[in-house]
Every structure is written in structure tokens, then in C-alpha cells.
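Subject: Structure for you to look at

Hello,

Here is the structure I said I would pass on. Please open it first, then read the notes below it.

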Amino acid sequence: MNSPISLLPNVDWRPSYSHEDGDLISSFYEPALRCGILYRRVTGYFSGGVLTVIANGLLELLRNGGRMELVTGCTLRSRKEIT
């Protein structure tokens with residue numbers, strides 16, 4: 001890291017975010033990841049495709065020396081179902 005990172009207080013955050021407000025990726029996730037150092041998520045379902053959607057923010061998180069911790073449910077399939 002080249003210099004100290006200014007974190008979340010430098011963003012004009014709203015008190016809450018909802019999918020009814022529009023694009024949560026650009027209004028919340030990417031700005032939060034860009035200035036964050038830790039992304040923790042606990043969810044029953046998580047699609048790896050989400051990582052491609054928030055890739056720009058994740059790149060900045062990693063550049064900040066940050067990390068991502070996920071606790072998720074998973075669906076296991078037998079080899080027979082996959083082939």
C-alpha cells in the first residue's frame with residue numbers, strides 16, 4: 001500500500017438500501033468494496049456469478065489489502081447429475 005486508506009466515512013452513505021432504489025451494485029456494493037478492507041457475507045444461497053458483477057469493487061478491495069469472507073450454503077450434485 002502506498003498511503004493510508006480513507007475508509008467508509010468519505011462516502012455519502014444512505015441510511016438504508018433496497019432493490020427498489022435501483023442498481024445496488026453501483027450505488028452500494030462497488031463503492032463499499034472500493035473503500036473497504038473486509039467484506040463478510042453470510043447467506044443461505046450465493047452464486048459465483050455475483051463475483052463477476054462486483055469484480056471492479058473486489059479488485060479495489062484487494063488493492064486495499066482487504067479480504068473477503070463468505071459463509072454460504074451450497075448445493076452438491078452427484079457426478080451422475082453433472083455429466
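Predicted model: local features only at pLDDT ≥ 70, side-chain atom pairs only at ≥ 80, totals over all residues.

Glu60 is found in helix H3. Apart from neighbours within four places in sequence, Glu60 is in contact with Leu33 and Arg34. Glu60 and Leu33 are 27 residues apart along the chain, yet their C-alpha atoms are separated by 6.7 Å.

The axes of H1 (residues 24-35) and H3 (residues 55-63) come within 7 Å and cross at roughly 15°. Angles under 35 degrees count as roughly parallel, and H1 and H3 are therefore roughly parallel to each other. The crossing in which H1 passes H3 is left-handed. From H1, the contact is made by Glu30, Leu33 and Arg34; from H3, by Asn56, Gly57, Leu58, Glu60 and Leu61. Sorted by type, the residues of this contact are three nonpolar, two polar and three charged.

Is Glu30, for its part, buried or exposed? Glu30 is buried, since its relative accessible area of 11% is under the 20% limit. This residue is found in helix H1. Leaving aside neighbours within four places in sequence, Glu30 is in contact with Ile25, Val53, Ile54, Asn56 and Gly57.

Ile54 leads on to the core. Which residues make up the largest nonpolar core? There are five: Leu33, Tyr39, Ile54, Leu58 and Leu61. In soluble globular proteins, nonpolar side chains tend to be buried together. With neighbours within four places in sequence again left out, Ile54 is in contact with Ile25, Tyr29, Glu30, Leu33 and Tyr39. Leu33, Leu58 and Leu61 of this core also take part in the contact of H1 with H3.

Last, the chain as a whole. The protein chain has four helices and two strands, and from the N terminus on its elements run α-β-α-α-β-α. Of its 83 residues, 17% count as buried. Among contacts between residues at least 6 apart in sequence, 65% join residues at least 24 apart.

Regards

Terms used: Residues numbered from 1 in each chain as written. Heavy atoms only, no water. Core = buried A, V, L, I, M, F, W, Y, C linked by side-chain atoms within 4.5 Å. Buried < 20%, exposed > 50% of the residue type's maximum accessible area, 1.4 Å probe, protein only. Contact = heavy atoms within 4.5 Å. Axes fitted to C-alpha atoms, helices over the stretch in contact; angles between N-to-C directions. Parallel < 35°, antiparallel > 145°, perpendicular 65-115°, else oblique. Left-handed = near helix turned anticlockwise from the far one by under 90°. Nonpolar A, V, L, I, M, F, W, Y, C, P; charged D, E, K, R; others polar.
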